[in-house]
Amino acid sequence: MASLLAPSEKDALSLALSTTRTNEKITSTDRLPIRRWSSKPSKHRLVGFLPTVVVLIITLGFVGLILGFLLSMQYVPAQGGKGFSAAVKHGSFVIDEEEWSDDKSSGGHLRVLVLSALASHLISDTSSILMTLVAYRVGAQWLSVSQEGEGAGIAQNPTPLQFGLLVRLMGSSSISAISASCAYAAKSRSRPQLPRLFKQALAMSISVWVLARLVGVADLWLHTTSKSISILRPTPAPSQDYMFAAQFNETICPAVHETLQQDGAIAAGPFPCFSEFQDYVMTNDAMSNAGFSVMANETNTAWKVISLADAGDLAVLVPGSKVDTLYTSYMASTFAVQASCTSLNSLCSQDGTGMTTNCSEAGYPRLPYSDDTNPGDAISNTTQIKDFVFGIVDGELAGTSLGSLDITSPVTSNPAKMAVQLRWDTRVQGATDTVHGSIDDLAIDTYPKPTLYAGCTVSFFNATVRLDGAQNAWSLVNSTLSSPEFATTMWLPTLWQYATEQLAADLMVTSRTRSKDVVMASLNQHLARLTLGAAAGYVEPARAADVTYLVPTLLGQYPVWPVLAVLTLLCLYALLAVVVFVSSWWTTDETILPPSDDSGMPFAQEESMLVLTRTWLTNPLGLVGAAFPGEDGRDDVRSVAKKPRDMVYDGNDSHMRLAIGLTDEGFGIRKRATGQKILALEGP
């Protein structure tokens, strides 16, 4: 088949039509009038400007969005500074995306990943746009070598096969098109010489494809390494009273005192809580029940007692689970107790069986205590021993029957002196009453019943503590010894034996299975905790200070290197577009001048030869229009159409319908009405 020649050439051939039309019949011997097409040099124009702008908006636009979002939303406390250098030093961009991790939020959105993924998808989709710019460059080279004379320049024009491969590359830049062109280029011995424009087009196609995929890989790297981290962000609390501190309830003792005075039962005393018989300890059920709840570590209580290990096992009264202090940091005044006990069993007199009989030598002449013995008498049988926690003032035992009323002077010093006497019965069936354990340095008598004696120094404090809501950790800010009168008031429930049974239960296993030092350390903790807990009913809430809410917040953490990889590749993609655009813009171009009709009106609009060449390289419709002319005398006009779809005749005549299949001339597409697979060409 002869080559199809462009009608713009001066000696253009006319198309011999082999079919007839229904309405306007044209035979193969008819001749169409020859229209004279010409061209003129054109000025430099912004060829490919719009595609370049689109690529730059997508690439540099996302670079600006991602980098701007990362730098403007940095969370300085977690990142360790603000700015790009701080992020590099930390290893990640840590940004506050204003996501809350409470019940109102399902999690963080990681918006930078959204931007990165969108950029990756758009870059992949804009490969065809960038290949349009490449097509301008290739088209400019093709036009240039096409105008050269005979000689070596002819080899710089593509062969039909090379042109077909170029159309695939410029139109899609897919991996299959690149593979086909690479496979063809690799056959250096069996193929014609490759023109320079083909090599450049293939190199540019590979570069565009690789860059687009590298952006996707970098985006995947960023997705797999980025994460949300949860922090508690300090936020100033609203202006209101936060009742997290503790203060002594001054209404407890005066109210009972006044009632008893009105009944004539007592006379006015020097201190409101030192009324005769100390009835407020026994008659105020709310106060005593509050103390029992705290000692038993019950849930949903207003107060609880904690031990601060770094403050010498200081027992501190803090809000209980009934008070919502979750995610709150504050400083509050409260009360604290600290105990320091010494085991007396080994310091007291014992009989031949190892039973403690008298502790006068240890400084506690009333121990062991029994209701059946006089002060200083030796104990002869441990069945006489009962559990007690005593207060000692001037050598007298307070708490034997009527609290501090058992002694002459009810006011203790601070620190106060106390004594502990505990005995347990073994309840192991089939075994003798022996101690469970084989420790040599025990804190108890092993015969005939496990019995513990200890002397303790107990200090009462007015304290200030701080709660770190982020770590849910308490710390002691400061503490001062309370007044002797206040200490005397706080130890009264313990002297009335409110805490004794709980103390015995807490120490029952430890005292019989651990060494003396371990038992005394445990006694220090439990005695301080229970002494303070028993008096929890005296306390009412007070205003806390420096209250700060800790808002659970999700931060986005983006590693620096994946972010830089994405941004760098986007910039390289933009740079490639600029280079191709500039190289295409500085090429020469010509404007096609269409012929005019009898009235002087041109048959078509002026069009750039470079733009038309780009269309032929990126869109197969130009080739389709040439292969299947419309036979209506306007095929030359359609060849310079601005839109690719206007280059092809699209009539509704039956002879213009196409079929595909095998004919006598081979397999291919043919006009259904004539059965011809191709059209012959004749001279004018």
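Helices here are DSSP runs of H or I with at least four residues, strands are runs of E with at least two, and both are numbered from the N terminus. Counted that way, the chain has 18 helices and 21 strands. Keep in mind that this is a predicted model. The chain runs to 684 residues, and 46% of them count as buried. Take the contacts between residues at least 6 apart in sequence: 70% of these join residues at least 24 apart.

Let's begin with helix 16, which spans residues 609–618. This helix is mostly covered, with eight of its 10 residues buried. The buried ones are Leu-610, Val-611, Leu-612, Thr-613, Arg-614, Thr-615, Leu-617 and Thr-618, so an arginine and several threonines fall under the 20% cut-off for relative accessible area too.

If you want to see who does the touching, look at Gln-162, Leu-165, Leu-166, Leu-169 and Met-170 on the helix 6 side, which meet Leu-197, Phe-198, Ala-201, Leu-202 and Ser-205 of helix 8.

While you're there, find Gly-164, which belongs to helix 6 (residues 160–172). Its relative accessible area is 32%, so Gly-164 is partly exposed. Ser-181 is 17 residues away from Gly-164 along the chain, and the C-alpha atoms of the two are 9.8 Å apart.

Now for the aromatics. Pairing rings whose centres lie within 6.5 Å gives a count of 15 aromatic pairs. One of them joins Phe-84 and Phe-93: the ring centres are 6.0 Å apart and the planes stand at 55°, so the pair is tilted. Phe-388 and Phe-390 make a stacked pair, with 4.9 Å from centre to centre and 15° between the planes. Here Phe-388 is buried at a relative accessible area of 9%, and Phe-390 is buried as well, at 0%.

There is also an aromatic cluster to look up, made of Tyr-242, Phe-244, Tyr-330, Trp-474 and Tyr-549. And for a charge over a ring, go to Lys-417, which lies over the face of Tyr-364 at 4.6 Å from the ring centre.

Last stop: the backbone. Most residues other than glycine have a negative phi, and most peptide bonds are trans. With that in mind, here are some exceptions to pick out. Leu-367 and Pro-368 are joined by a cis peptide bond with omega at about -10°, and Pro-368 sits in the loop between strand 9 (356–358) and strand 10 (388–393). Another cis bond links Asn-414 to Pro-415, this time with omega at about 15°. Pro-415 belongs to the loop between strand 11 (396–398) and strand 12 (416–423).

As for phi, Asn-300 has a positive value near 60° although it isn't a glycine. You'll find Asn-300 in the loop between helix 11 (285–295) and strand 5 (303–308), and with a relative accessible area of 53% it is exposed. Asp-313 is another non-glycine with a positive phi, about 55°. Asp-313 lies in the loop between strand 5 and strand 6 (314–319). Its relative accessible area is 22%, so Asp-313 counts as partly exposed.

How values were computed: Residues are numbered from 1 along each chain as its sequence is written. This is a predicted model: local features need pLDDT of at least 70, side-chain atom pairs count only at pLDDT 80 or more; totals for chains, interfaces and linings use all residues. Side-chain values use heavy atoms; hydrogens and water are left out. Buried means under 20% relative accessible area, exposed over 50%, partly exposed in between (1.4 Å probe, protein chains only). Rings of Phe, Tyr and Trp (its six-membered ring) pair if their centres lie within 6.5 Å; planes under 30 degrees apart count as stacked, over 60 as edge-to-face and the rest as tilted. A charge sits over a ring if NZ of Lys or CZ of Arg is within 6 Å of the ring centre and within 35 degrees of the ring normal. Contact means heavy atoms within 4.5 Å.
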